[in-house]
Amino acid sequence: KPRELWTGKQVFSMILKNILDGYGNKGGGGSKGGVNLKSTSKTPGDIWNGKCDGNREEATVLFQESELLMGVMDKNQFGASMFGIIHLLYELAGGHI
């Protein structure tokens, strides 16, 4: 039976840190660099995991020092929007990604 090793948030954070480290932006360890972002997702937070309980904590996407702490990554973060994760990576690493 498979066992859970990492969460999706941990995997996404690791990929983001590796991309930024490759371009000279240190987002881990003791530094205060990395991605800091707070935005909202289009996916309602109270329907995540099939529970309509009014708990909307996953509707807010929060990155601190390149760690995805909470939220659902959806079109609002990946799409053609200002200050999304794609825009942020372009500003930090340039068009070489």
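## A quick tour of the fold

Leucine 88 lies in helix α3, and that's a handy place to start looking around. Keep in mind that this is a predicted model. From α3 we can move on to its neighbour, helix α1, and then to an open sheet of three strands.

**Leucine 88**

- Glutamine 77 sits eleven residues away from leucine 88 along the chain, and the C-alpha atoms of the two are separated by 9.9 Å.

**Two helices side by side**

- Helix α1 covers residues 8–22 and helix α3 covers residues 85–93.
- Two packed helices are described by the angle between their axes and the distance between the axes.
- For α1 and α3, the angle is about 25 degrees and the axes are 10 Å apart.
- Angles under 35 degrees count as roughly parallel, so that is the label for α1 and α3.
- The crossing of α1 past α3 is right-handed.
- Which residues make the contact? On the α1 side you'll find Leu16, Ile19 and Leu20, while α3 brings in Ile85, Leu89 and Leu92.
- Sort the residues of that contact by type and you get six nonpolar, no polar and no charged.

**The three-stranded sheet**

- The strands line up in the order β1-β2-β3, with antiparallel pairing, and the sheet is open.
- β1 and β3 (67–70) are the edge strands, so to speak: each pairs on one side only.
- Going from one strand to the next, the twist averages 20 degrees.

**Who pairs with whom**

- β1 (residues 37–40) is joined to β2 (residues 60–64) by four bridges, and the two run antiparallel.
- Leucine 62 has methionine 70 of β3 as its bridge partner.

**Two faces of β1**

- Leu37 and Ser39 are on the covered face of β1.
- Lys38 and Thr40 are on the uncovered face.

Conventions
Residues are numbered from 1 along each chain as its sequence is written. This is a predicted model: local features need pLDDT of at least 70, side-chain atom pairs count only at pLDDT 80 or more; totals for chains, interfaces and linings use all residues. Side-chain values use heavy atoms; hydrogens and water are left out. Axes are lines fitted to C-alpha atoms, for helices over the stretch in contact, and angles run from 0 to 180 degrees between N-to-C directions. Angles under 35 degrees count as roughly parallel, over 145 as roughly antiparallel, 65 to 115 as roughly perpendicular and the rest as oblique. A crossing is left-handed if the near helix is turned anticlockwise from the far one by less than a right angle, and right-handed if clockwise. Contact means heavy atoms within 4.5 Å. Ala, Val, Leu, Ile, Met, Phe, Trp, Tyr, Cys and Pro count as nonpolar, Asp, Glu, Lys and Arg as charged, and the others, Gly among them, as polar. Buried means under 20% relative accessible area, exposed over 50%, partly exposed in between (1.4 Å probe, protein chains only). Two strands pair if DSSP finds at least two bridges between them.
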